[in-house]
Amino acid sequence: MASSSDATASTGPTPVNPESGSDRRGRVRLRRSAVMAVPATAIAAGLMILTAQGALGVQFAISGMPFVVTATELNGTGFEQFGNLDNMAEDSPNAGDTGGQVLVVTSAIKNATLTKLCQSVDLGGTNLVITAGGGSDKVQATDLTTGSTELSGDASFGNIEIGNDASTLDKAGVQGNKGVFSQQADTVHIGNLRQTNYATTAAVFKLPGLKLRFSGTGC
């Protein structure tokens, strides 16, 4: 995730232009911070696995190309979720009118297993598809994080806390910005998971039965 020159002596205060570029950028940042303090309605409807700016969070510029992730089942321990911004590389051709930023639901799972994982990205006319965990061995991930804009599935939580300040989260070792709405739980289960993601990271990501191919259809 993303976010001196020599001074010349002066005998008096330097006038400040209230419409300077730095002031305008400051106001934009303040408006974006205010957006992040508003709880996403999707949090009430379900959950989106996984991204954060803390430990093992997204430390890279995203491409700006969304990818789909599906799984018949996800089970995890140590779950957190809050709002965040993912950033594209400067002058990215995918920025459009977004300013190079994507508003995402940031989540983190300390330990997760996924059954029949499928990931696909539309490359324009064809899809790059990755599948794993379709046999007896499941996909396993440690310190898994993902930035999501959409999710569907059947979710349940164990010992959930809703309305925490994101800077105080402690279930997965990741914290968000102070004043941001968040939730966390000891355990999470999602059946028939489907997500639209912009980024994923993990300390360990085991993909038994990995297959990669091009296809006319995605996940």
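Guide: Strand E1 and E3 run antiparallel, joined by 3 bridges. Two strands pair if DSSP finds at least two bridges between them. Helices (H or I, at least four residues) and strands (E, at least two) are DSSP runs, numbered from the N terminus. In this pairing, Val-69 has Gln-119 of E3 as its bridge partner.

A word on the source. This is a predicted model, where local features need pLDDT of at least 70, side-chain atom pairs count only at pLDDT 80 or more, and totals for chains, interfaces and linings use all residues. Residues are numbered from 1 along each chain as its sequence is written, and side-chain values use heavy atoms, with hydrogens and water left out.

Back to E1, which spans residues 67-87. Strand E2, residues 101-115, is joined to E1 by 14 bridges. E1 and E2 run antiparallel. Here Asn-84 has Val-104 of E2 as its bridge partner. Strand E7, residues 181-201, is also joined to E1 by 14 bridges, and this pair is antiparallel too. Opposite Glu-80 stands Gln-184 in E7.

How covered is E1? It is mostly covered. Of its 21 residues, 17 are buried. Buried means under 20% relative accessible area, exposed over 50%, and partly exposed in between (1.4 Å probe, protein chains only).

Now follow E3 onward. E3 covers 117-122, and strand E4 covers 127-132. Leu-123 sits in the loop between them. Leu-123 is partly exposed, at 43% relative accessible area.
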